[in-house]
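Visitor: I would like to go through this model and ask what stands behind the terms used for it.

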Amino acid sequence: MKNIYFLSDAHLGSLAIEHGRTQERRIVRFLDSIKHKAQAIYLLGDIFDFWNEYKLCVPKGYTRFFGKISELTDMGVEVHFFVGNHDLWSYGYFEKECGMIIHKEPETVELYDKVFFLAHGDGLGDPDKKFKLLRKLFHNKTCQRLLNAIHPRWGLALGLNWAKRSRLKHMAGQEPRYMGEDKEHLVLFTKDYLKTHSDVDYFIYGHRHIELDLVLSRKARMIILGDWITQFTYAVFDGEHLFLEQYIEGESIP
């Protein structure tokens, strides 16, 4: 029985990350180290700091990452990509060129007889009206067409600089760390969701850039995956147990 891996929030290509090429190489080395152990890999959003496809072009870079993903899918490893709030403007490139399976909404899936609720996490339980409006605009088809009407030279620069401001805000500590069970929006959402979906064994999210492994009941657990900027954390499910791990180069990978 092969493992199933979950990771999120690499924000590849961020203008705010000085070690971007090193960061990309690290995630590629991780993917290479698990290619013979993996049944499936779930990328739970914000893998890119900003991604927007045009009809005849895509953002430059990421060749090492896409090459490794393509190798994995060619080997028969399922690679699932859940869009985040930074990389939702995907219109077929990931599927056609790299063989990934794209998810644009949260999904409930059964893996080795366990039920998983998987999502990036943005928009789930967050009461921030400004964020809700922005998210609605990002997902609006008309707004997406308007964005793609801008020449890539300007459209991509606009998106990358918007994402840079968001990343710098996070790096400056202006976004809260773990707020506790009674205030953390994803925890509150999950507890409420669990009331009517008691069959779920595991809830796994990205988005918040924190590591969290929370027991919700005798049956259910919730995981927030951290990130691949400074933490390099991921979850692995071996068919019986789910572990939250950290990738340290040179050490063996479960």
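Guide: Start with phenylalanine 117, whose bridge partner in β7 is phenylalanine 203. This is a predicted model, in which local features need pLDDT of at least 70, side-chain atom pairs count only at pLDDT 80 or more, and totals for chains, interfaces and linings use all residues. Residues are numbered from 1 along each chain as its sequence is written, and side-chain values use heavy atoms, with hydrogens and water left out.

Visitor: What makes β6 and strand β7 a pair?

Guide: Two strands pair if DSSP finds at least two bridges between them. β6 and β7 (residues 202-205) have four bridges and run in the parallel sense, so they meet the definition. Strands here are DSSP runs of E with at least two residues, helices are runs of H or I with at least four, and both are numbered from the N terminus.

Visitor: How do you know that β5 and β6 pair, and in which sense?

Guide: Five bridges join β5 (residues 107-111) to β6, and the sense is antiparallel.

Visitor: Why is β6 called largely enclosed?

Guide: Because five of its six residues (114-119) are buried. Buried means under 20% relative accessible area, exposed over 50%, and partly exposed in between, with a 1.4 Å probe and protein chains only.

Visitor: Why is histidine 86 called buried?

Guide: Its relative accessible area is 2%, so histidine 86 falls under the 20% limit. Histidine 86 is in the loop between β3 (78-82) and α3 (93-98). Its contacts (heavy atoms within 4.5 Å) include His11, Phe48, Trp51, Trp162 and Arg167, not counting residues up to four places away in sequence.

Visitor: What lies 2.7 Å from a polar atom of the side chain of histidine 86?

Guide: The backbone oxygen of aspartate 49.

Visitor: What makes up the lining of the largest pocket, by residue class?

Guide: Eight residues are nonpolar, ten polar and ten charged. Nonpolar covers Ala, Val, Leu, Ile, Met, Phe, Trp, Tyr, Cys and Pro; charged covers Asp, Glu, Lys and Arg; the others, Gly among them, are polar. The largest share of this lining, six residues, comes from α6.

Visitor: How does the lining of the second largest pocket divide?

Guide: Into eight nonpolar, five polar and four charged residues. Its largest share, three residues, comes from α1.

Conventions: Polar contact = N/O pair within 3.5 Å; in protein donor to acceptor, adjacent residues only side chain to side chain.
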